[in-house]
Amino acid sequence: METPNPYQSSQVVSDVPTVDPNATDVGLEAIARRTFWEWEKLRLWFNGVLTAWTLLVAALFTEPLFRDPRLWTLATAGGVVANICFFAGPIVETYFTWLGWRAFGTRGLRWVIFALGTLATAMVAALAVGTLHFSIDIGDD
């Protein structure tokens, strides 16, 4: 029976497995765990870009909307919905990776999905802020 070596360095085990995207025997769970971990790092960029974009669009109007409480309600609700929709990115990437589709490579696919999703969300945010600006309050005479 071997006795443990007290001078041997301990191994650090990561909760996030390393996945070789070219391996054929990688399980769905390993792919999903790694993909979702990488996308959570992108969430900070996603929220930063959308926050800056929404504030820029709100500032572009002749009379900025910053004093309108509806802007902050809309931005908060929109932010929650955008972050829920953000989950589509890692789901799509996981599915394509699991199926073996690697047209852009793993990172390339992630950036294409991220860019398209962020662009679509930014367009919806601009439309929502513009609609708020041009809305007519009924009852205010």
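In helix 2, the buried residues are Leu71, Ala82 and Asn83. Buried means under 20% relative accessible area, exposed means over 50%, and partly exposed lies in between (1.4 Å probe, protein chains only). These three cover an arc of only 90° around the axis, which puts them on the same side of helix 2. The arc is that of the directions from the helix axis to the C-beta atoms.

This is a predicted model: local features need pLDDT of at least 70, side-chain atom pairs count only at pLDDT 80 or more, and totals for chains, interfaces and linings use all residues. Residues are numbered from 1 along each chain as its sequence is written, and side-chain values use heavy atoms, leaving out hydrogens and water.

**Overall build**

- Helices (H or I, at least four residues) and strands (E, at least two) are DSSP runs, numbered from the N terminus.
- From the N terminus on, the order of elements is α-α-α-α.
- Of the 141 residues in the protein, 25% are buried.
- Take contacts between residues at least 6 apart in sequence: 71% of them join residues at least 24 apart. A contact means heavy atoms within 4.5 Å.
- The protein exposes about 10,400 Å², and carbon and sulfur atoms supply 66% of that area. Accessible areas come from the Shrake-Rupley method with a 1.4 Å probe; for residues, only the protein chains shown count as cover.

**More on helix 2**

- Helix 2 covers residues 69–85, which is 17 residues.
- At 1.5 Å a residue, helix 2 should span 24 Å, and its end C-alpha atoms are 24 Å apart, which agrees. The expected span is 1.5 Å times one less than the number of residues.
- Pro69, Thr73, Thr76 and Ile84 are exposed on the other side of helix 2.

- The whole structure holds five salt bridges. A salt bridge is a side-chain nitrogen of Lys or Arg within 4 Å of a carboxyl oxygen of Asp or Glu.
- Arg33 and Glu29 form one of them, at 2.9 Å from N to O. Both lie in helix 1 (residues 28–60), four residues apart, about one turn of the helix.
- Arg33 is partly exposed at 40% relative accessible area, while Glu29 is exposed at 56%.
- Glu38 pairs with Arg34 in a salt bridge, with the closest N and O atoms 3.2 Å apart. Because they are four residues apart in helix 1, about one helical turn separates Glu38 and Arg34.
- An α-helix has 3.6 residues a turn, so residues three or four places apart point the same way.
- Glu38 is buried at 16% relative accessible area, whereas Arg34 is partly exposed at 30%.
- Salt bridges link Arg34, Glu38 and Lys41 in a network.

**A salt bridge between helices**

- Arg110 and Glu93 meet through their side chains in a salt bridge, 2.8 Å from N to O.
- This pair links distant parts of the chain: Arg110 is in helix 4 (residues 105–134) and Glu93 is in helix 3, 17 residues apart.
- Arg110 is buried at 9% relative accessible area. Glu93 is buried too, at 0%.

**A nonpolar surface patch**

- Leu28, Tyr95, Trp98 and Leu99 make a nonpolar surface patch of about 430 Å². Patches are made of residues with over 30% relative accessible area and no salt bridge: like charges are joined within 9 Å, nonpolar side chains (Val, Leu, Ile, Met, Phe, Trp, Tyr) within 5 Å.
- Helix 3 (residues 88–99) gives the most to this patch, with three residues.
- Tyr95 sits in helix 3. Tyr95 counts as partly exposed, at 47% relative accessibility.
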